[in-house]
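These are my notebook entries on one protein model. I set down what I looked up, entry by entry.

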Amino acid sequence: MGLSASLFLKQTQSLVMTPQLMQSIQLLQMTHFELNQFIAQEVEKNPLLEIAPGEIDGGTETGFENKETFPEADRGSGEALHISSDGHWYEGNSAITAERLGEGLDTGFENVFPDDGPARRADAPELLSQWKSMPGGESGDDYDLNEFVAGQVTLRDHLNQQIPFLITGTADRLIAQHLVDQLDEAGYLHGAIEETATRLGKSCEDVEAILNKLQTLDPPGVFARSLSECLAIQLRQKDRLDPAMDALVRHLELLAKRDFASLRKICGVDDEDLIDMLAEIRGLNPKPGASFERGASETISPDIVVRAAPDGTWMIELNPDTLPRVLVNQAYFQTVSKSCPRSGEDHNFLSECMQNANWLTRSLDQRARTIIKVAAEIVRQQDAFLMHGVDHLRPLNLKTVAEAIKMHESTVSRVTSNKYMLTPRGLFELKYFFTVSIGSAEEGGDNHSAEAVRHRIRQLIAQETPEAVLSDDDIVISLKRGGVDLARRTVAKYREAMNIPSSVQRRREKRALAKVAAF
């Protein structure tokens, strides 16, 4: 068989991931904050893009002040009293003087305390120089109020303020500072005493003595190496660390298991004393340093808002506060392109910027339309949940929504990532509405949502009494009566996922609470 070269034509089709297509996919799964950051970067790079005017912190800025005019009948000169939207009023005739206003209001408007008199300047020249050096002093510039806000005190700052009053020696302060650097956010000490002593060239007894002093600082419980030691330090400062309480603190694992019978034997107390000791334990702070680490609270803004319509349907709309408004400045493009040669680099740059700007606006519009489609289908599928609550949440998966709106599952998955919907039932992430299907105990019955089943389990356990605590088998029987076919091991898995203890532990806890109520 001989080899030969030949020339032929072949026509094929393939999908190529262009940079613009990848950008559209990335925009689809971005959150509101990430989208604003991306748009800000694009506006900075592209001179043809600009944010819609009037968008300031989600609101609209107006360039005028609304005023209403109320003519008065007793004014012969036709003067009018103008009332502004902020409630202040003034005379429309500029000839009205301050003396006339003073007569009408029985007061005077003269400057009783002048700020620029020589006497005021001579009172405190050093304060005057400080005021001039501050932003917004006599220069008339605006000043930032954030410069006058007190700085946040951290746990290390709070401890460093107390150490000089407790430890006087230079070497001891060095050890104390080294121990402070080993604290975590909760106030616990991480690191062995032996390693610290070896690193600083001191004996373990010296480091331990400094540590004992530091454990007396505020907040109580700081510099502890374990939860038991943290609670013991707080009880010692309250003068409540007796032998019984010390035994309780050293056996916290039994307290976590609700093994109150073993605790009574170890502590040598009766039920009444044990209940009082548990109440004191609950009043302690397991993380003494957590109060100093104040993280900024993040407010979640919903991407979709669902409201009930007068005709019984649902109104679905995008939240205007999270909807980006990007404009393409066509007038600027036409003006600049006239002065650029057709074959120059400037013209090519402008053409590329115009192409990218148009693509970005189309991508944002397509993103908004896709979110609305997915949200509308979710609302249609979960109409019973919006009407009656979580008990009527239906099982739903991505494939069902994708087939209904004729899109791919990956597109629906990107839309539902980190997007939130505000409904009459509250604020939910779109992923919340997608739950696993659980079969019905009745033949031909509807399947149940896993979230709705977990809600039923939570309700059954909340209605328990100390005399009738439900086991996992009892919960299975109760669910089967309600038409839910669920295995016992699945009930145990859902219960553990909701941090609900077993029936034995719940019985112990409920009996202890009942005794507390009886006392």
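**Entry 1: Salt bridges**

I began with R307 and E317, whose side chains meet in a salt bridge at 2.1 Å, N to O. R307 belongs to strand β7 and E317 to strand β8, so the pair ties together parts that are ten residues apart in sequence. I applied the criterion of a side-chain nitrogen of Lys or Arg within 4 Å of a carboxyl oxygen of Asp or Glu. Strands (E, at least two residues) and helices (H or I, at least four) are DSSP runs, numbered from the N terminus.

I note for the record that this is a predicted model, in which local features need pLDDT of at least 70 and side-chain atom pairs count only at pLDDT 80 or more, while totals for chains, interfaces and linings use all residues. Residues are numbered from 1 along each chain as its sequence is written, and side-chain values use heavy atoms, with hydrogens and water left out.

I then looked up the accessibility of the two partners. R307 counts as partly exposed at 41% relative accessibility, and E317 is partly exposed at 32%. For these classes I took buried as under 20% relative accessible area, exposed as over 50% and partly exposed as in between, with a 1.4 Å probe and protein chains only.

How many salt bridges does the structure hold? I found 14. Among them is the bridge of R380 with E377, whose closest N and O atoms are 2.6 Å apart. These two residues are three apart in helix α16, and are therefore separated by about one helical turn. Is E377 buried or exposed? E377 counts as buried at 8% relative accessibility, whereas R380 counts as exposed at 53%.

R225 also forms a salt bridge, with E229, and here the closest N and O atoms are 3.0 Å apart. R225 is partly exposed at 36% relative accessibility, and E229 is buried at 19%.

I recorded one network of salt bridges, which links D472, D473, R488 and R495. R495 is also one of the buried residues of helix α22 (residues 488–497), together with T490, V491, A492 and Y494.

**Entry 2: Nonpolar core**

Which residues touch the most other members of the largest nonpolar core? I found I304 and M421, in a core of 26 residues. Such a core is a set of buried Ala, Val, Leu, Ile, Met, Phe, Trp, Tyr and Cys residues joined through side-chain atoms within 4.5 Å. The elements giving two or more residues to this core are strands β7 (304–308) and β8 (314–318) and helices α16 (345–381), α17 (383–388), α18 (398–405) and α19 (409–416). The largest share, six residues, comes from α16.

**Entry 3: Surface patches**

I next looked up patches, which are made of residues with over 30% relative accessible area and no salt bridge; like charges are joined within 9 Å, and nonpolar side chains (Val, Leu, Ile, Met, Phe, Trp, Tyr) within 5 Å. Accessible areas come from the Shrake-Rupley method with a 1.4 Å probe.

D270, E272, D273 and D276 gather in a surface patch of negative charge. Of these, D276 sits in helix α14 (residues 271–282) and is partly exposed at 43% relative accessibility.

I300, L422 and L427 make a nonpolar surface patch of about 230 Å². L422 lies in strand β10 (residues 420–423) and is partly exposed at 34% relative accessibility.

**Entry 4: Backbone geometry**

Most residues other than glycine have a negative phi, and most peptide bonds are trans. I therefore listed departures from this pattern.

The peptide bond from D218 to P219 is cis, with omega near 5°. P219 is in the loop between α9 (204–214) and α10 (227–237). F223 lies in the loop between α9 and α10 as well, and has a positive phi of about 70° although it is not a glycine. I found F223 to be buried, at 0% relative accessibility.

D239, also not a glycine, has a positive phi of about 60°. D239 is placed in the loop between α10 and α11 (243–249) and counts as exposed at 69% relative accessibility. Just after α22, N499 takes a positive phi of about 60°.

Notes. Lys, Arg positive; Asp, Glu negative; His and termini not counted. Charge placed at Lys NZ, Arg CZ, Asp CG, Glu CD.
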